[in-house]
Amino acid sequence: MEKFTAIKGIAAPLPENQIAADTLLPKDALLTLRRAGLGKFLCAAARYAADGRENPAFILNQPAWRKSAILVTGAHFGHGVSSDHLFWALADFGIRVVISPAFDSDFQNGCYRHGILPVSVSADQSAQLLKAAADKKLFTVDLEKQILGAEDHADIRFEIPAFERHCLLSGLDAAGLTL
């Protein structure tokens, strides 16, 4: 697992609340045991038209957000996750940080296990960050200092449990921790 220290970049806004895991990844993507290549299935129903072409209106298909490593989401993004495939798809797409006002515990724990940093913020902070993301402001997420910043916004302190923070900073997944 890649070490996590700090990430800088434009964040992609996905403001909808209650986006279920099964809408983020189609069922046929769950048939593989390979992590590589799953990024192309992330948000497939919204990213692609019925004929397989990219939907230019979807945020992750637009040039400014195509390579975003940071997602700012509505509450309970990815709820109902039942397998590792969603985390593999997020990581394969390049997502390293998910910012939300609320996470389901299964999603949050899965993020930690797969090198993705879930950052909880208040509903007011989330609304401000969603606007900053839509305005293509530069975000900085520093795990060492536990600070989230967006251009023209005050820094936000966040707390990550000590063990999960250590694992992310050290790049340790379950296998690495065992070794």
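Predicted model: local features only at pLDDT ≥ 70, side-chain atom pairs only at ≥ 80, totals over all residues.
Residues are numbered from 1 along each chain as its sequence is written, and side-chain values use heavy atoms, without hydrogens and water.

Seven strands make up an open sheet of mixed pairing, in the order β4-β3-β2-β1-β5-β6-β7. Strands (E, at least two residues) and helices (H or I, at least four) are DSSP runs numbered from the N terminus, and two strands pair if DSSP finds at least two bridges between them. At the edges, β4 (117-120) and β7 (156-157) each pair on one side only.

Strand β5 (residues 138-142) is joined to β1 (residues 6-14) by five bridges in the antiparallel sense. In this pairing Phe139 is the partner of Gly9, and Asp142 that of Ala6. Strand β5 also pairs with β6 (residues 147-150), again antiparallel, over four bridges; here Phe139 stands opposite Ala150. Four residues lie between the strands of the β5 and β6 hairpin, where Gln146 has a positive phi near 55°.

A nonpolar core is a set of buried Ala, Val, Leu, Ile, Met, Phe, Trp, Tyr and Cys residues joined through side-chain atoms within 4.5 Å, buried being under 20% relative accessible area (1.4 Å probe, protein chains only). The largest has 28 residues, and Leu71, Phe77, Leu86, Leu90 and Phe107 have the most contacts inside it. Helix α3 (85-93) is among the elements that supply at least two residues of this core, and its share, six residues, is the largest. Apart from this core lies another of 25 residues, including Ala69 and Leu148.

Terms used: Buried < 20%, exposed > 50% of the residue type's maximum accessible area, 1.4 Å probe, protein only.
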